[in-house]
Amino acid sequence: MKHSVNRPPTPDGAEDQGNEPILQEIIKIKLIESGEKERLMEMLRERLIECGWKDEMKALCRAYVKKKGRNNVTVDDLVHLITPKGRASVRDSVKAELLQRIRSFLTSAAL
Amino acid sequence: MSGPNEDNNTQLSSHIFGDLLDSIIVDVASECHRIAKLGLDRNLEEEEEEMRLSAQARARVADPSNSSETNTKYVVDIFGQTHPSVATEIFECMNCGRSIAAGRFAPHLEKCMGKGRKARLKVTRSSTAAQNRYLRGSPVSTYSPYSNSTSTNRLSNGTPSVAGEEYSNGTYEEPWNKT
């Protein structure tokens with residue numbers, strides 16, 4: 001018999017959380033399937049461009065590239081460079097707006 | 001809405017928001033990487049080169065040896081070039097066909113087409129019409145009457161000829177007006 005048939009069942013994540021992880025996954029799938037994720041992404045992108053966040057990030061990248069030299073830079077480098085600063089510098093109003101949208105989707109989808 | 005659900009919702013929302021933000025960050029990083037590799041952004045080395053050149057030019061302008069613009073014969077402009085005081089480009093005079101330097105062209109034309117005594121000898125019947133057209137619009141200038149000219153256009157008594165090329169005492173007369 002194939003080893004895979006006798007595979008023990010996938011653990012349920014942390015038992016005390018109930019089926020939260022699975023719920024999470026379901027929600028995420030719903031998000032993508034309904035197209036809401038795309039809409040949220042576009043909205044977030046737009047807001048970030050409007051408030052200059054994207055330009056700040058690009059400036060950081062440019063400075064880094066200038067320092068390191070054009071040919072020594074990888075995408076990974078830039079991602080690691082931008083992620084902490086990027087997460088911290090999102091404007092509060094933008095974040096609030098997006099969270100609101102997501103929350104209302106969750107409540108409507110959970111029903 | 002029960003309490004725990006609210007918290008979970010909030011937590012989930014933040015988690016989803018974090019995912020979205022991460023995706024966008026990767027997009028931006030990828031875009032910047034592409035621009036850097038392809039050199040599409042205003043080239044960084046070029047920028048430095050330009051800055052260096054402009055700093056050089058600025059230093060030259062501020063140089064005390066070039067304090068007054070009319071000081072030396074050779075004036076240095078902002079690009080560091082010097083121009084000789086007499087323009088040196090050479091081309092052909094359309095009247096006499098000689099090679100003339102640009103800076104000497106005006107005086108040459110004066111002699112070639114206008115007031116020079118020797119120039120008169122070059123005038124032929126066929127070119128008088130062209131010269132009429134040229135001279136009619138020109139300002140009045142004082143010419144001494146040419147009484148000893150041997151040109152066939154001249155009347156022997158020295159009055160303005162039919163061609164209207166001569167002026168006496170600064171009075172301009174139409175060719176067909178005889179005083």
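Which helix of chain B holds A57(B)? A57(B) is found in helix 2 of chain B. Helices (H or I, at least four residues) and strands (E, at least two) are DSSP runs, numbered from the N terminus.

## Basis of the model

This is a predicted model: local features need pLDDT of at least 70, side-chain atom pairs count only at pLDDT 80 or more, and totals for chains, interfaces and linings use all residues. Residues are numbered from 1 along each chain as its sequence is written, chains are lettered from A and ligands numbered from 1 in the order in which they are written, and side-chain values use heavy atoms, with hydrogens and water left out.

## Chain A

Chain A has 5 helices and 0 strands. Along the sequence the pattern reads α-α-α-α-α. Chain A has 111 residues, and 27% of them are buried. Buried means under 20% relative accessible area, exposed means over 50%, and partly exposed lies in between (1.4 Å probe, protein chains only).

Contacts (heavy atoms within 4.5 Å) in chain A can be sorted by sequence separation. Of those between residues at least 6 apart in sequence, 67% join residues at least 24 apart.

## The A–B interface

Chain A gives 39 residues to the contact, and chain B gives 36 residues. The area buried between the two chains is about 3,400 Å². Carbon and sulfur atoms give 72% of that area. Buried area here is the accessible area (1.4 Å probe) that two parts lose on being put together, summed over both.

Between chain B and chain A there are 8 residue pairs in polar contact, both residues at pLDDT 80 or more. A polar contact is a pair of N or O atoms within 3.5 Å; within protein, one must be able to donate a hydrogen and the other to accept it, and residues adjacent in sequence count only if both atoms are side-chain atoms. On the side of chain B that touches chain A, the elements giving two or more residues are helix 1 (3-38) and helix 2 (44-62) of chain B. Helix 1 of chain B supplies the largest share, 28 residues. By class, this side of chain B has 16 nonpolar, 11 polar and 9 charged residues. Ala, Val, Leu, Ile, Met, Phe, Trp, Tyr, Cys and Pro count as nonpolar, Asp, Glu, Lys and Arg as charged, and the others, Gly among them, as polar.

## Salt bridges

Side chains of opposite charge can pair when their charged atoms come close. A salt bridge is a side-chain nitrogen of Lys or Arg within 4 Å of a carboxyl oxygen of Asp or Glu. The count over all chains is 11 salt bridges. Between chain B and chain A it is 5 salt bridges.

K54(A) forms a salt bridge with E31(B), with the closest N and O atoms 3.3 Å apart. K54(A) lies in helix 3 (residues 53-68) of chain A and E31(B) in helix 1 of chain B, so this pair joins two chains. E31(B) is partly exposed, at 29% relative accessible area. D22(B) and R87(A) also meet in a salt bridge (2.8 Å, N to O). D22(B) lies in helix 1 of chain B and R87(A) in helix 4 (residues 75-88) of chain A, so this pair joins two chains as well. D22(B) is partly exposed at 25% relative accessibility, and R87(A) is partly exposed at 46%. Elsewhere, salt bridges that share partners join E46(A), R47(A), E50(A) and E97(A) into one network.

Within chain A, E42(A) and R45(A) meet in a salt bridge (3.5 Å, N to O). They are 3 residues apart in helix 2 (residues 36-50) of chain A, so about one helical turn separates them. E42(A) is partly exposed at 40% relative accessibility, and R45(A) is partly exposed at 25%.

## Buried positions in chain B

A57(B) counts as buried because its relative accessibility is 17%. The C-alpha atoms of A57(B) and F79(B) are separated by 6.2 Å, although the residues are 22 apart along the chain. N9(B) sits in helix 1 of chain B. N9(B) is buried, at 15% relative accessibility. Not counting residues up to four places away in sequence, N9(B) touches L106(A) and T107(A).

H108(B) belongs to helix 3 (residues 105-113) of chain B. Its relative accessibility is 10%, so H108(B) counts as buried. Beyond residues up to four places away in sequence, H108(B) touches C93(B), C96(B), R98(B) and I100(B). The buried residues of helix 3 of chain B are F105(B), H108(B) and C112(B). They lie on the same side of this helix because they cover an arc of only 60° around the axis, the arc being that of the directions from the helix axis to the C-beta atoms. A106(B) and K111(B) are exposed on the other side of helix 3 of chain B.
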